[in-house]
Amino acid sequence: MITIITLGTNIGAKSREDGRAFDELRNLKIEAGVLERADGSAYLEFGGNKVLVAVYGPKESFIRRFQRPDRAYIRCRYNMAPFSVDDRKRPGPDRRSIEISKITAEALQPAVILEKYPRSVIEIFIEVLEAEGGTRCAGITAASVALADAGIPMKDMVVACAAGKVDGQVVLDLSEVEDKDGQADVPVAILPRSGEVTLLQSDGNLTTAEFEKALDLAIKGCNQISEVQKEALKKRYGE
Amino acid sequence: MVNKMNIVPEITRKSITHLINNEERVDGRAMDEYREISLETGVISKAGGSARVKIGNTQIMVGTKPQIGEPFPDTPDVGVLMTNSELLPMASPSFEPGPPDERSVELSRVADRCIRESQMVDLDKLCIIPGKKVWMVFIDLHILDYDGNLMDAAVLGAVAALKNTMIPEVKVVDNEIIIDHENMKPLPIREEVVMCTFAKIGEQLVIDPSFDEEEILSARLSIGITASDKICAMQKGGDSPLTKEEIMNAVKITESKSKELMKYLEC
């Protein structure tokens, strides 16, 4: 019998002790138009997360059963690189990534003026190159920028951010360690102009008061991130 | 599958071929000139080693993951090297999601052959307990943007990522494997390898074909060569044959061009 003992694992060690306030986001960087072949693209770094998004379309939908006579539909694929996490992830979709793909498409849908492109499809490919907690929110935020970069008409740019509970305290934007050790994680996506919520999940235990606080905090975070999204587009296309 | 949507207009085909027959290329390059190459290493901290390589607009992210696993029964005392590639649908409208297609499998197999046969990684040193536990090094090629010549970019990125890879020190005490993450060491690397790919268009061989050139090539030849000029892998592709003279000519160009590519790996 062979046992494997691991010494000194501080892989990905990062916590609120690193100095972040309860309502403070990790470092955020967004760049629009980073790929040649895609119609629109964006690269996002959010703490230790590195996410690349490409958008293709609107184009003719070859899958007949998804085709809508009066509007386009959004097909989203969220995928993690095998080297993006501590233990190599086997390539290909799993249950988690299929769920995230679905809710991401649904989170973005309300912003896109789909009626303009009947019988078409807009494809969104989200690649997580490195994951450090909050990748679904990072993916949605980057996907909005990529959609705008592709010139797809939208009512607003969806933005996402999570809040949660760690050590009994409600905090903004959980890191990987906080997500694992924390008591709750609430990812939220909003349309910043109207404040409407397009994605809401919750995983963990919260009282009603705590939930409300988390939701408020997440919306506050979203509004901050929204400014960075706009800056990225201004930087690419000028004022 | 290779998409049928890629129909190249006859006028494009003719103009590219015509230019090349006059020793000119659409982007103004010489017949034996690479596009601009950039190589960054250590870009993914969760990977054992990583590299982002760009040749022109072609862009590949390579990450390695060393893991402890069981050796193959026929080679019980050497480490395992596995290369896998994903032609992500984000990279091109003709790439579809799903299990690897024949192009993806060819790419990872050729890159794998190049690295394996060059004996670049000293796999003997990756054995922990013969027949039971060895290091398995996974190389994952993540194709982000496809503008031709994936082979050369894949090998360049994979070699850079392997050189960037750190594995923890391992001790075996009474059937216990102790992995010491405090003491990391680089993978045992012997000598580097690079790959040069040629496309036959019209009557000419051009190096580093772009997307448009790849679409119309009649034959393709990829040659892997080590720092000490040993040819360690080759792959011919495309529908047309090549003459012996053309092949030897490509080998000769590879010998000199490989030196140029090796420079990117020095840092």
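Select A:Gly164 first: is this residue buried or exposed? A:Gly164 counts as buried because 28 C-beta neighbours lie inside 10 Å, where buried means 20 or more other C-beta atoms within 10 Å of the residue's own, exposed means 12 or fewer, partly exposed covers the values in between, and C-beta atoms are placed from the backbone. The model is a predicted one, in which local features need pLDDT of at least 70 and side-chain atom pairs count only at pLDDT 80 or more, while totals for chains, interfaces and linings use all residues. Residues are numbered from 1 along each chain as its sequence is written, and chains are lettered from A and ligands numbered from 1 in the order in which they are written.

A:Gly164 is placed in strand 7 of chain A; helices (H or I, at least four residues) and strands (E, at least two) are DSSP runs numbered from the N terminus. Beyond its neighbours within four places in sequence, A:Gly164 has contacts that include A:Val171, A:Leu174, A:Glu178 and A:Ala214, a contact being a pair of residues whose C-beta atoms, placed from the backbone, lie within 7 Å. If you draw a distance from A:Gly164 to A:Glu178, 14 residues apart along the chain, the C-alpha atoms are separated by 8.7 Å.

Next, select residues 208-237 of chain A, which make up helix 4. This helix has 30 residues and reaches 43 Å from its first C-alpha to its last, close to the 44 Å expected at 1.5 Å a residue, the expected span being 1.5 Å times one less than the number of residues. Its buried residues, among them A:Ala214, A:Leu217, A:Ala218, A:Gly221 and A:Ile225, can be coloured separately. An α-helix has 3.6 residues a turn, so residues three or four places apart point the same way. The buried residues of helix 4 of chain A pack against several elements of chain A, including helix 2 (135-149), strand 7 (159-166) and strand 9 (184-191).

Now display the open sheet of chain A, where five strands follow the order 2-3-4-6-5 with mixed pairing; two strands pair if DSSP finds at least two bridges between them. At its edges are strand 2 and strand 5 (73-80) of chain A, each pairing on one side only, and the twist averages 15° from one strand to the next. Within this chain, strand 3 and strand 4 (residues 49-60) pair in the antiparallel sense over seven bridges, and A:Glu45 stands opposite A:Lys50 in strand 4 of chain A. Strand 4 of chain A also holds A:Pro58, and the peptide bond from A:Gly57 to A:Pro58 is cis, with omega near 0°.

Helix 1 (residues 95-108) of chain A lies across strand 5 and strand 6 (120-130) of chain A, and runs at about 140° to strand 5 of chain A, with axes fitted as lines to C-alpha atoms, for helices over the stretch in contact, and angles running from 0 to 180 degrees between N-to-C directions.

Move to the contact between the chains, which takes 38 residues from chain B and 30 residues from chain A. Which strand gives the largest share of the side of chain B that touches chain A? Strand 8 of chain B does, with seven residues.

Finish with two loops of chain B. B:Glu23, between helix 1 (10-21) and strand 1 (37-41) of chain B, has a positive phi near 55° without being a glycine, and this residue is exposed, with 10 other C-beta atoms within 10 Å. B:Gln119, in the loop between helix 2 (102-117) and strand 5 (127-129) of chain B, is not a glycine either and has a positive phi of about 55°; B:Gln119 is partly exposed, with 15 other C-beta atoms within 10 Å.

Notes
Contact = placed C-beta atoms within 7 Å.
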